[in-house]
Amino acid sequence: MGQEIAEPDAVHQDVDRFSLRSTLVVPASPEEAFAAFTDLTSWWVAEYTWSGPDFLTELGIEPRPGGMLYEIGPHGFRADWGRVLTWDPPRRLVFVWQIGPDRVPVPDPSKASEVEVNVEADGPARTRVTVEHRKFDRHGTAAEGYRQAMTEGWQDMLTRYLHSVRRRPHPA
């Protein structure tokens, strides 16, 4: 899984049978935190893509309701793995997570889980980011195991997100 970044207390997680809520505070304004979150290339784990770290050429979010979360890999290969439901910068992003427990695309959004990202100021130059991955029950019999796997996945990804925010230049 690439280089590990250890900071176990940075991301607080609360779990339920079919949902996971991760919370962290980043050293940035809400605008900067939202921009950093939606810049997937700066923190998303390339090993978690279908293209893999050696072939991934682009990772992104189309910034509008109905926009896609996607990756572009070798020879122009494009995989859409989510659809934006709510795009409300710098406060909120909601998208359908159209990746199944077996890493196979889930074309029917009614059978896919959902991710909501909320961003709110938490003092001067500090922002609380809450990521709730919910509706795992839509993934059927593998739902609980998938939620458990994603608990570890989001811990890793959000720790990387925190480090990417720390590395970003901040306006004076």
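Modeller: Quick definition before we start: a contact means heavy atoms within 4.5 Å. This is a predicted model, so local features need pLDDT of at least 70, side-chain atom pairs count only at pLDDT 80 or more, and totals for chains, interfaces and linings use all residues. Residues are numbered from 1 along each chain as its sequence is written, and side-chain values use heavy atoms, with hydrogens and water left out.

Colleague: Okay, which residues is Pro30 in contact with, leaving aside its neighbours within four places in sequence?

Modeller: Start with where Pro30 sits: in helix 1, residues 30–38. Helices here are DSSP runs of H or I with at least four residues, strands are E runs of at least two, and both are numbered from the N terminus. Skip the neighbours within four places, and the partners of Pro30 are Pro90, Val119, Glu120, Ala121 and Thr127.

Colleague: Is Pro30 buried or exposed?

Modeller: Buried means under 20% relative accessible area, exposed over 50%, and partly exposed in between, using a 1.4 Å probe and protein chains only. Pro30 has 16% relative accessibility, so Pro30 counts as buried.

Colleague: How far apart in space are Pro30 and Glu62?

Modeller: Along the sequence, 32 residues separate Pro30 and Glu62. In space, going C-alpha to C-alpha, the distance is 19 Å.

Colleague: And what pattern does the whole protein chain follow?

Modeller: The protein chain has 2 helices and 8 strands. Reading along the sequence, you get β-β-α-β-β-β-β-β-β-α.
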